[in-house]
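Below is a set of questions and answers for a reader who is meeting this structure for the first time. Each answer sets a value against its cut-off and then draws a conclusion.

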Amino acid sequence: RRYFLMARGLSRELSQQKNVKKTQAGNKGNQEGLTATQRAERDAKVLQEKAAAKAASKAAALAEGGAAAEKAKADEARKQAQRDAKKERAYANTQVAKQNAKLGVADPAARDFKVGGDKDGKPPKDPNRPKLSKEEKIKRAAEAAMKAAAAGSAPKKGKDKAEPDPPAAAADEPEPGPEPADDDEEEGGAEEGEVDPAERAAAVAAEEAAARAQGEAGGLVLKRLRGEPGLCAALAWSPGEARRLSFHQFCTFGAPDAAAAASDGVLYYELVVGEGLENPQVGFATDGFESGRDYYDGDGVGDCSHSWGIDGTRCARWHEGDEEYDFEWAAGDVIGLAANRATGHFAVSRNGAWGGGGAGVLFSDAGLRCEGGVFPVVSAEAGSFEVRLPDAASGFAHSPPPVDFWGE
C-alpha cells in the first residue's frame with residue numbers, strides 16, 4: 001500500500017508539471033501571462049480609451065474653430081477616404097465583383113458593400129466539380145505562398161490564378177461563356193476575407209523556412225511579429241541581397257536578434273522607401289514588445305510604451321500614440337535609424353544627413369537604455385520597404401551618426 005501511495009503521488013506531481021508546461025506553451029509570445037480572453041479584453045479597453053480620447057480631442061478642435069477646426073475636418077476627410085478605399089479593395093476581391101469585371105458590368109452595389117460581412121451575390125458552386133484532397137490543397141497552397149514570397153506579393157485567397165481583366169479591357173473582348181469552377185476551392189472551404197487553414201499552415205511553413213534560411217546564411221532574422229500569416233505581407237530575400245517587405249494589410253515585422261548586433265552601444269539600420277506606402281511606422285522596440293499575434297492587429301511600432309517609431313508619410317512620431325513631427329520622406333529616400341543604448345537616444349537621418357528637415361534625435365527616453373537593448377521594427381498597411389539590417393547580407397548606403405553627434 002505504501003508503494004501504491006508513493007506511485008500515485010508521483011503520478012499526480014507529473015500531471016501537475018505537465019499542466020504547467022501546457023499553460024506555458026499556450027502563453028508562448030505572451031510575456032504578461034494572460035489568457036487569450038484577457039488579452040482581448042485588455043486590447044478592447046485600450047482601443048476604447050484611444051477612441052474616446054481622439055473623439056474628445058476632435059470635439060475640442062471643432063469647438064475651438066479656426067485652424068484647429070479646419071485641420072480636424074481635413075483629418076476626418078482623409079480617414080474617410082482611406083475607409084472608402086479599403087471598402088473598394090474588399091469588394092473587388094469578392095466573387096460577384098470578379099464576375100462583373102469579366103462581364104464588363106458596373107455594379108452600383110459596390111458602394112454599399114460591408115467589409116468582411118456581406119456574402120450576397122456569390123455565384124453558386126458547381127456540385128459536380130472534383131474535390132481536392134487535404135494533401136493536394138496543402139501542396140497547392142504552399143506553392144502559392146512560396147511564389148508570392150519570391151515575387152514580393154501576397155498569395156491569393158482560395159486560388160492561385162491570375163486576376164480578371166478590368167471592366168474597360170473586358171468590354172473589347174467577345175462575351176465570355178460560363179465561368180469555370182474554381183479548382184482550388186471545394187465545398188465547405190474558407191469564406192471570402194478568410195485564409196484557408198491549409199493555406200495558413202503553408203504560409204507559416206514558408207515563413208519558418210525563410211527564417212531558417214536567413215539564420216543559416218549567417219545573417220539576422222527578419223520575421224513577422226504581428227499580422228495574419230500568408231495575407232498581411234510578403235518578404236523577399238536571398239543571400240547577399242537586402243530584404244524587401246511588401247505590405248497588403250497592416251502588420252509588423254522585426255528582427256529581435258539584432259539587439260545583440262549593436263556596435264559600441266549603437267544599433268543602426270536603413271530603410272529604402274518604396275512606392276504606395278500607407279500608415280507606416282518604423283523604429284525600435286524592446287523585448288517587452290508583444291509578438292506572436294497571428295491575426296490582424298492595428299497596433300504597430302510606437303503604439304505602446306515598449307516601442308518608438310517615425311512616420312515620414314503622415315509626418316508623425318510614435319510612442320504610446322502619435323504626435324505631429326516635421327519629418328517627411330519620398331520614394332527612393334534612404335532612411336537611417338540609430339538607437340544609442342548608453343544615452344537613451346533614437347535618431348533618424350534622410351539620405352545620410354543627420355540634421356535638417358526634422359532629421360536628428362527623435363526621442364530621449366530612459367526606456368531605450370533597457371538591459372536587453374532594442375531591435376528594428378517595421379509596421380505598415382500597404383506599399384514596400386527595402387530593409388538593410390546590420391549583418392553581412394545587407395550593405396549600408398550611409399554611415400551611422402558620428403560619436404560626437406550624441407553629445408556624450
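Q: Why is Glu 76 called partly exposed?
A: In this predicted model, the relative accessibility of Glu 76 is 29%, and because partly exposed covers the range between the 20% limit for buried and the 50% limit for exposed, Glu 76 counts as partly exposed.

Q: What makes Lys 58 count as partly exposed?
A: Lys 58 has a relative accessibility of 33%, which again lies between the limits of 20% and 50%, so Lys 58 is placed in the partly exposed class.

Q: Why is the meeting of the Glu 76 and Lys 58 side chains called a salt bridge?
A: The N to O distance between these side chains is 3.2 Å, and because a salt bridge needs a Lys or Arg side-chain nitrogen within 4 Å of a carboxyl oxygen of Asp or Glu, the pair qualifies as one. The two partners lie 18 residues apart and link distant parts of the chain, with Glu 76 in helix H3 (residues 66–92) and Lys 58 in helix H2 (residues 36–64).

Q: How do you know that Arg 388 and Glu 270 form a salt bridge?
A: Their side chains meet at 3.4 Å, N to O, and since the cut-off is 4 Å, the pair counts as a salt bridge.

Q: What makes Glu 323 partly exposed, and which residue is its salt-bridge partner?
A: With 42% relative accessibility, Glu 323 counts as partly exposed, because exposed would require over 50%. Its partner is Arg 317, and the closest N and O atoms of this salt bridge are 3.1 Å apart.

Q: Which residues touch the most other members of the largest nonpolar core?
A: This core has 38 residues, and the ones that touch the most other members are Phe 247, Val 282, Leu 337 and Phe 385. The element that gives the most to the core is E5, with four residues. Beyond its neighbours within four places in sequence, Val 282 is in contact with residues including Tyr 269, Leu 271, Trp 308, Leu 337 and Phe 385.

Conventions. Residues numbered from 1 in each chain as written. Predicted model: local features only at pLDDT ≥ 70, side-chain atom pairs only at ≥ 80, totals over all residues. Heavy atoms only, no water. Helix = DSSP H or I, 4+ residues; strand = E, 2+ residues; numbered from the N terminus. Buried < 20%, exposed > 50% of the residue type's maximum accessible area, 1.4 Å probe, protein only. Core = buried A, V, L, I, M, F, W, Y, C linked by side-chain atoms within 4.5 Å. Contact = heavy atoms within 4.5 Å.
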